[in-house]
Amino acid sequence: MENENINGELLGSVCDSLPVGILVLNGEGRVKYRNASADRLWGGGLQDLAAYHEIKGWRASTGERIAPTDRASFRAITKGETTLNEEIVVENLSGERKTILNSAIPMRDPSGNIAGAVVVDEDITERKRAEEEALKGKELLETLFKSIDLLIAYMDSGFNFIQVNRAYAEADGKAPDFYPGKNHFDLYPDPENEIIFRRVVATGVPAYFYARPFVYPHAPERGVTYWDLTVQPVKGPEGRVTGLVLSLIDVTKHIKTDEALKESEERLRAVLDNMGNLVYMRDLEGRLVFMNKYGQAFFKKTMGELYGTTVFELFPRETAEVFDASDKLALREERTVEVEEELELKEGRRYFLTIKFPLKNAAGKTYGLCGVVTDVTVLKKTDEALKESEARLRSILDNMGNAVYLKDLNERYVYGNRRFLEFLKLNEADVYGKTIFDIYPEEMARVIHEHDSAVLMAGQRLEFEERLALAEGERFFLSIRFPLKDTRGEAYAICGVSTDITDIKKTEEALKKSEARLREAQRIGRMGAWNVDIARDRIEQTDEVARILGRSAEEVDTTGKFMEAVHPEDRGFVSASVNDALYAGKPYSIDFRIIRPDNEVRFVHSEGEVERDPSGRPLRMRGTVQDVTELKTAARRLEESERKYRGLVENSIVAVFTSTLDGQFLYVNEAMVRIYEFGSAEELKYENAVKRFKNPADRERMIGILKELGRVEGFEFEGITKKGNIRNILIMGRLYEGVFSGMALDITERKRMENEVRRLNAELEQRVEDRTRELKKTAEDLSSANREMETFTYSVAHDLRSPLRLIDGFSMVLLKKHGERLDREGQDHLERIRGAVKRMGALIDDLLNLSYVLRAEVSYGTVNLSGMASAIITDMKKSDPERKAEMTVQEGLKARGDERLIRMVLENLIGNAWKYSSKREVSHIEFGSAGPLNGTGVYYVRDDGVGFRMEEAWSIFEPFHRLRSADEFPGTGVGLSTVRRIIERHGGRIWAESEPGKGSVFFFTLEKED
């Protein structure tokens, strides 16, 4: 009996210490036993089952009221049913609502009859509240994933994209829905990165990289960018890696400037010092090297007092050993360790959640340990943890670049982050509790109200583009709004995230204007664009295509209709070329004839490219068509001109040739015969040029360049002479109607000297490289390339000038000493030779100027255009004082640009005006401004000279295109090409207007100087 009392008291003590409520009922429903937790749960002592059933109860899943006969305890006594962990909501005797897990187990006597029941009630109210808050946090996390500027991508273990956030897509100029299903390394091929990703999948160990270089494959003009990269494995229930989370931070600016790095470090220190967590860093020996202000305040010591201390100097040995063990675990396994640590302080026991991870340098070597300590004592016991969490969340939202806000179902604002308040130029007191009609004008508020109503009605996330009139002016926003729902799925608030897209809208408007300018340029250049949907056999085209073909868009909207416009003799060639582009992948760039409805035959040039699906099947073809009839006519005239000057070529010391693309020489002069050591021109003409290449690949490369560009400039190769000697040969020439015409120079001796110089330079550079390895290689390569280009340019100019000086000198000697032996025609030939030499010398100078323009760095400054034009005109008048000319310069014209290059522009344009108006008795030349155009200044040079037809205007800016013969007006045809490139390098454009006999006006644009 005594033992039974002892056992009963012991059982009672154990039950009273349990956190769950326990009721023991007899067969009549009387409470035979209840522990202390049951009294606390129910707000008083329960005497019988009837009193227990009077307590109101609802099913947690549906909210349905529970009848007394449906209670688990009633079913256990009356039916012998066992109920485990039924989740219900009750209102206890004190009027408190609680969520509990209700279990009831029947008790039976030895005969198997029901003798009573044991009821166990677990209070999970706080747990449910925490789960609801966690759900809200999850929704907020999803919002942050889509809204924050950190680049995040989620992919499967095969590196196929599953989801990317907005920032990731925008960094590559795409939409987020472009990525799902595409493979990361198909878009961004990088063998080194692929090895890293596969290692993370294989080992499950995250990879961290700082300032990793990257070049966008489809946008190399963006240059090298640098990224902080984290590859975090996502593991399944079995611990196998099922996916990867890739996060990227663009640190290009931080890498390129030390100042940015310092600012970043200061910002990081400010963040750490203002964090609500204790943050510390230790070296590999466990000595403290950093602790933020939170930690200093916690220990009541300065950083100077804490520096160099270990955990054994700050804590009791038993506690320090526990802390030290987790530190070593993080360093030994080189991973992040999350531990819960306890500390006994004067004010009582405190609990901390500590995240420890190794610190690594750029080479991946661990140099220390970082710990982030969060005091979770209050979180475990009170709702204060939730307030701290909300504070941290508020800090994140306040530092976002997007406006974030919450409204209740009555559309009253309950929260707005700092960015949102900055947009409105209001503070929290002016916003919280106010509706949209209190803040915005009525019309604007009505639109926002309609959007909010649509979100609540749809019950899901919706996007809207909204235009708001704010204090600083009208702004455009892309707003994402979604309902926040409780655990029952009922909306209790509206959350919105708005992104300012005003600049994007302005860019779209600028794009529309640019497209309009493009259409105008196509009209002026007689070039149209087309697009063929291959599957539907439908052609879309610009208006210029219709003008070129003389047919409406509907008359040529299929490939069959288009082929009817092609000249019958060219249809087979055009069809074969298109099929080669579609199915053989060959370039599509052809010339052919068309017949307009009025039977006029025109020549056109067409180029196209094929877009294919991932399997290689052609989807559509895009391209251009240009009317080149006048160009063809000019080519025929050029051929006639070439025959006139064949005599000069025959006697030139520069090797001249023409050949077919398959290597059959059509013409060679004596200089070409000497290079290849043949006996005569006829003998060399029967020799195929293919045999003269030491390396057949050089010829294939040259032919490829010819086919792609229509010309080669400065192409070098090793040739084999008839006697078997190897010579270095430099070729310059053009491809016209399948015929390759050009000049060749024997540069063997020069190459030998260059190779010797390169060898010596290589030795010198090697010695320098050993002493300067820490210098940036890219700067050395660029400097070397510029030096070699400059040396090559002036070397070519020197090699071309040397034979020209000989031709000029010997021809002058012939005229002076032996002129009486020559008849009048012979003397005329010599004079023509000297004239051609002078023109070639001028051409070399112009080409050098063009080369300088292409290479020179543009240094922007203020350019006094009026003063510069006046000085140029003054020099011209001094050079020809007898010339009668009226010159007008508008005063006060200034622009932004490179003074040296702009001077070349004005010298060319004013010089041309001076030259082409020279046949007038009194010529008039004017320089002035035509006013602004799209934010830039438009300037012009006007003359009353010979002028030209506007259909010829397209050719005057191309190199070597001349509308007047050199005998009538001297020149090389390179000046206006140089002018165009200078203006384009300044971001401007140049065009001309003219009429034969009435002069010309050349317009150009430059950035205005305010």
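1. A search across the whole structure finds 60 salt bridges, a salt bridge being a side-chain nitrogen of Lys or Arg within 4 Å of a carboxyl oxygen of Asp or Glu. This is a predicted model, in which local features need pLDDT of at least 70 and side-chain atom pairs count only at pLDDT 80 or more, while totals for chains, interfaces and linings use all residues. Residues are numbered from 1 along each chain as its sequence is written, and side-chain values use heavy atoms, with hydrogens and water left out.

2. One of the salt bridges is formed by Asp123 with Lys98, whose closest N and O atoms are 3.5 Å apart. Asp123 belongs to strand S6 (residues 114-123) and Lys98 to strand S5 (residues 97-108), so the pair ties together parts that are 25 residues apart in sequence. Helices (H or I, at least four residues) and strands (E, at least two) are DSSP runs, numbered from the N terminus.

3. Five strands in the order S8-S7-S11-S10-S9 make up an open sheet with antiparallel pairing, where two strands pair if DSSP finds at least two bridges between them. Strand S8 and strand S9 (207-214) stand at the edges with a single partner strand each, so one side of each is left without a neighbour in the sheet. From one strand to the next, the twist averages 25 degrees.

4. Within that sheet, strand S7 (residues 151-156) is joined to strand S11 (residues 241-250) by six bridges in the antiparallel sense, with Leu151 standing opposite Leu248 of S11. S7 also pairs antiparallel with S8 (residues 161-164), over three bridges, and here Ala153 has Val164 as its bridge partner. S7 and S8 form a hairpin with four residues between them, and Phe159 in the turn has a positive phi of about 70 degrees. Another six bridges join S9 to strand S10 (residues 225-235), again antiparallel, and the partner of Phe214 in S10 is Thr225.

5. A second open sheet of five strands has the order S28-S27-S31-S30-S29 and antiparallel pairing; its edge strands, S28 (665-668) and S29 (711-720), each pair on one side only. Strand S30 (residues 726-736) and strand S31 (residues 739-746) run antiparallel and are joined by eight bridges, with Tyr736 opposite Val739. Helix H29 (residues 696-709) lies across strands S27 (655-660), S29, S30 and S31, running at about 165 degrees to S29; contact means heavy atoms within 4.5 Å.

6. Helix H33 (residues 865-879) packs against helix H34 (residues 899-916) at an angle of about 45 degrees, with the axes 10 Å apart. Axes are lines fitted to C-alpha atoms, for helices over the stretch in contact, and angles run from 0 to 180 degrees between N-to-C directions. H33 and H34 are therefore oblique to each other (under 35 degrees counts as roughly parallel, over 145 as roughly antiparallel, 65 to 115 as roughly perpendicular and the rest as oblique). The residues of this contact divide into ten nonpolar, one polar and four charged, where Ala, Val, Leu, Ile, Met, Phe, Trp, Tyr, Cys and Pro count as nonpolar, Asp, Glu, Lys and Arg as charged, and the others, Gly among them, as polar.

7. The axes of H34 and helix H35 (residues 975-985) come within 9 Å and cross at roughly 140 degrees. The contact residues include Leu901 and Met904 of H34 and Ile982 and Ile983 of H35, and the contact of H34 with H35 divides into eight nonpolar, four polar and no charged residues.
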